[in-house]
Amino acid sequence: MVMSRGTFWRNQSGATMVEMAIAMPMLMTLLLGFVDFGYAFYQWNAGNKAVQAGARLAQISSPIASGLLLEAKTPSNSLDVGNAVPANTYSYICTASAAGAVSCTCGTGATCQNLNVNQAAFDFIFNGSATRPGMLTFLPTLLKSEVQIQYQASGLGYWTRPNGPVPTITVSIQQHPFQFFFLAGFLGLGTITMPSMLSTVTGEDMKSTYP
């Protein structure tokens, strides 16, 4: 039976299916977007916890920059003995390569005794131990190359202090990408990086053993 033109335009058979075909992609995108962005917020929070844990471990463990232990021992002017160590007298910035090998550089305007590194100290801060969670515990997708740890003089401590320098320690995560499960390929969200996050503390005993 041939349907007349007027009947064809008035016929609503299959209209629901067409409407569903139009609406479903938008609804699924919205739903999966909620899931992905909720997980992104979780990752952001985990990153904050990771830098806090890393800063705490750096605060109470052996420094990555071996030269830090030599700082503030002998002032250039003997009259400065007992005076506060000026800010930025030393500044060690320690990072890791893609392979995980650590190196330290001296910050702009600072003077560093030597740039030897303690790889085990960095690994401890990153991985933690059986009793102390490290940065990786909180953010399992974190790479060593995305972590920066800085030891810097900030005016605390004094020259010839018996227990060594009192650095300000800053642990930061840089260029770590968000992980999107559903929308990475669909909307190109796989290239979004987290904002740089950091935690700053004051060094304490700066050694892994007591006393």
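Analyst: This is a predicted model, and the protein chain averages a pLDDT of 85, with 86% of the residues scoring at least 70. Where pLDDT is low, the predicted coordinates should not be read in detail.

User: In which elements of the protein chain is confidence lowest and highest?

Analyst: Confidence is lowest in helix α1, which covers residues 5–10 and has a mean of 59, while it is highest in β1, at 97.

User: How many helices and strands are there in the protein chain, and in what order do the elements run?

Analyst: The protein chain has five helices and five strands, and when you follow them from the N terminus on, the elements run α-α-β-β-α-α-β-β-α-β.

User: How should I read burial, and what share of the residues counts as buried?

Analyst: The idea is to ask how much of a residue's area remains accessible, and a residue is called buried when its relative accessible area is under 20%. Of the 211 residues of the protein chain, 36% count as buried. Ser61, found in the loop between α2 (15–60) and β1 (91–96), counts as buried because its relative accessibility is 2%. The side chain of Ser61 also reaches the backbone oxygen of Leu57, at 2.5 Å.

User: Where does Phe181 lie, and is Phe181 buried or exposed?

Analyst: Phe181 lies in the loop between β4 (168–173) and α5 (183–187), and with a relative accessible area of 60%, Phe181 is exposed, since the cut-off for that word is over 50%.

User: What is a disulfide, and how many disulfides does the count come to here?

Analyst: A disulfide is a covalent bond between the sulfur atoms of two cysteines. Here the count comes to two disulfides, and if the bonded cysteines of the protein chain are numbered in sequence order, the pairing is 1-2, 3-4.

User: Which cysteine is joined to Cys94, and why is that disulfide called right-handed?

Analyst: Cys94 is joined to Cys104, with an S to S distance of 2.1 Å, and the disulfide is right-handed because the torsion about the S-S bond is about 100°. The pair links distant parts of the chain, Cys94 being in strand β1 and Cys104 in strand β2 (residues 102–106), ten residues apart. Both Cys94 and Cys104 are buried.

User: What should I notice about the disulfide that joins Cys106 to Cys112?

Analyst: The S to S distance between Cys106 and Cys112 is 2.2 Å, and with 90° about the S-S bond, this link is right-handed. Look at each end separately: Cys106 is partly exposed, with a relative accessible area of 31%, whereas Cys112 is buried, with a relative accessible area of 18%.

User: How many salt bridges does the structure hold, and which residues form a salt bridge?

Analyst: When reading a salt bridge, look at the two side chains, at the distance between their atoms, and then at where each residue sits. The structure holds one salt bridge, in which Lys144 pairs with Asp123, the closest N and O atoms being 2.7 Å apart. The pair links distant parts of the chain, 21 residues apart, with Lys144 in the loop between α4 (135–138) and β3 (147–152) and Asp123 in helix α3. Lys144 counts as partly exposed at 22% relative accessibility, and Asp123 is partly exposed, with a relative accessible area of 22%.

User: How far apart are Pro165 and Leu68 in sequence and in space?

Analyst: Pro165 and Leu68 are 97 residues apart in sequence, and 7.4 Å apart in space, C-alpha to C-alpha. Pro165 has its place in the loop between β3 and β4 and is buried, with a relative accessible area of 9%. You can read another pair in this way: the C-alpha atoms of Ala110 and Tyr92, 18 residues apart along the chain, are separated by 8.6 Å. Ala110 lies in the loop between β2 and α3 (119–127), and with a relative accessible area of 16%, Ala110 is buried.

Notes
Residues numbered from 1 in each chain as written. Predicted model: local features only at pLDDT ≥ 70, side-chain atom pairs only at ≥ 80, totals over all residues. Heavy atoms only, no water. Helix = DSSP H or I, 4+ residues; strand = E, 2+ residues; numbered from the N terminus. Buried < 20%, exposed > 50% of the residue type's maximum accessible area, 1.4 Å probe, protein only. Polar contact = N/O pair within 3.5 Å; in protein donor to acceptor, adjacent residues only side chain to side chain. pLDDT = per-residue confidence, 0-100. Disulfide = S-S within 2.5 Å. Salt bridge = Lys/Arg side-chain N within 4 Å of Asp/Glu carboxyl O.
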